[in-house]
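Please have the sequence and the structure open while I talk.

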Amino acid sequence: MDILVVGSGGREHAVIRKLKESKNAGTIYCCPGNGGIAADAACVDVSATDIPGVAALAKEKKVGLVVVTPDDPLVLGMADALEAQGIPAFGPSKRAAAIEGSKVFSKDLMRRYGIPTARYESFDDPARAAAYLRAQNRYPAVIKADGLALGKGVVIAKDENEALEAVRSMMEDKKFGESGSRVVIEEFLEGVEVSVLAFTDSVSVVPMAPSMDHKRALDGDEGPNTGGMGTIAPHPLYTPEVEKRCMEEIFLPTIRAMNAEGRPFQGVLYFGLMLTGRGPVVIEYNCRFGDPETQVVLPLLEGDLLEIMLAVREKRLASVSAGRKEGCAACVVLASGGYPVSYQKGFPIRGLDPDGQVPGAVVYHAGTVRAADGGFLTGGGRVLGVTALGETLPEALDRSYAALRKISFEGAFCRSDIGQKVL
C-alpha cells in the first residue's frame, strides 16, 4: 500500500520511519516534507493545509491511506474532506478535532462529564477577563488562547501585570490572530507533567509509552514556551497504578464523552496530564501525535504502525497488537539561536551522519533544507531531534547527547537538562 503523510517536521519524519518498517508499506510520499524527510519519502511541495491539493495528490499517486498528522489541517476538516472523496484517511474528523481546536470546548467537555481538570473560566471580552484576574488575585495564573497557536498560546503569569499583558496581547493585539479571541483563565497546578499518546477507534483506547516533554526554551524550565525542546519515555513516575487510574478516570471517560457529544474520535488522542496531590488531572488534549513526543514513543512501539492505523480507521483496534518495547528512549532538540522568538535560517549543518552519529541513535529532521552540495541547511526553529534508545533513561540520554555533540551549525543550542527533573 502506498501512503501519503501530511506535514513537514520531526514528528512526520518519525511517523515515516516507523511506517517504513511495515511489511505492507509501499512507496511513502510526504507533503510538503523537508530536506531530511526526503531521504525516507518522496516529498511533494503541497502545503499541509491545502485540502484540495492534498486530495489531488492522493488521487494522482493512488495512495491507499493519507496520514494527517498536524493539528491545523485536522481542525480544518482535512480527514472529512478526503473520506468524502473516497480517500482513506487516518486522523479525527473536524468535529472530533475540536478537542484541540478549542480550549473552551475541551474545558467545558471535561466540566460536563466530570473529567478531572484545573478550575477555570472562559472569556470573550478582555475587560471581563481583566476584572476576573483582579478579583481572583491568585498567582501564578494560566492564560490560554482558545484556538491553535503552534503550541505557544499558553502564558503562566507570575503576577497581575503579566496576566493582564497576556490577556491584552491575545485578545486585543491579536498575537495569535482569531485563536486569541477567546481565552481560558485557569488555576495553576503543582505537580509533574506526563504526556500520553493513545490510539483510539472511539471504542478502545491503547496508550503508547508515557513520555515527558520539556516546553520551555532554556534549562531549569526557564525562557519562553516552545513547541518542545526534548522528551523522554517511559516516564518514570507514571506507575501502573497511575496508568490504571488514568484509564478509568480520564481516557475512557473522554472517549465516552466525545461519543455522547456526537463527535466520535478516531486517531491519536494526546492527553497532557499533571500528576498532582489530588491525582492525575488533564492540562490539555491534542488531536494528533505530539511533537517531539512522537520521536520517543514510536521507537518504543511494538507493532505494525500501518496495520494499527488501518485498524483505528476501521474500528477494530482491539484486534491488533500495539505493545511497548523494553527499554527507554530520549530525544534532545537542536534548535536555531533565538528560537522561539526570532531566528535566522540557511546555516550549513555540519557533522550529520545518516546512520545516527552513534550506535542506538537516530536523527529526525524537523526543520532542514537540502543544500546544493547535497548537505543540509537550517530551515526552521527546531532543526533536528536527536533520539537514542537505551536499557535505562540515563543510558538513552547519554547516547542522545553524545550524538548531538557531533552536530553543529551557527547559533545552535539545546537544553542540557532533558529528563533530569525525574531522574
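Let me begin with the cysteines: a search of the whole structure finds zero disulfides, a disulfide being a pair of cysteine sulfur atoms within 2.5 Å. Cys-30 is in no disulfide, and the nearest cysteine sulfur, which belongs to Cys-43, is 5.1 Å away. Cys-30 counts as buried, at 0% relative accessibility, where buried means under 20% relative accessible area, exposed means over 50%, and partly exposed is in between, with a 1.4 Å probe and protein chains only. Cys-246 is likewise buried, at 0%, and its sulfur is 19 Å from the closest cysteine sulfur, in Cys-328, which is too far for a bond.

Before I go on, a word on the source: this is a predicted model, in which local features need pLDDT of at least 70 and side-chain atom pairs count only at pLDDT 80 or more, while totals for chains, interfaces and linings use all residues. Residues are numbered from 1 along each chain as its sequence is written, and side-chain values use heavy atoms, with hydrogens and water left out.

Now to the salt bridges, each defined as a side-chain nitrogen of Lys or Arg within 4 Å of a carboxyl oxygen of Asp or Glu; by this rule the count comes to 29. One of them joins the side chains of Lys-20 and Asp-40, at 2.9 Å from N to O. Lys-20 lies in the loop between helix H1 (10-19) and strand S2 (28-32), and Asp-40 in the loop between S2 and strand S3 (42-43), so the pair ties together parts that are 20 residues apart in sequence. Helices (H or I, at least four residues) and strands (E, at least two) are DSSP runs, numbered from the N terminus. Lys-20 is partly exposed, at 44%, whereas Asp-40 is buried, at 14%.

Which parts of the chain does the pair of Glu-187 and Arg-119 link? These two side chains meet in a salt bridge at 3.1 Å, N to O, with Glu-187 in strand S9 (residues 183-187) and Arg-119 in the loop between helix H6 (103-113) and strand S6 (120-123), distant parts that are 68 residues apart. Glu-187 is buried, at 17%, while Arg-119 is exposed, at 56%.

Finally, Glu-160 forms a salt bridge with Arg-134, their closest N and O atoms being 3.9 Å apart. Glu-160 is partly exposed, at 28%, as is Arg-134, at 47%.
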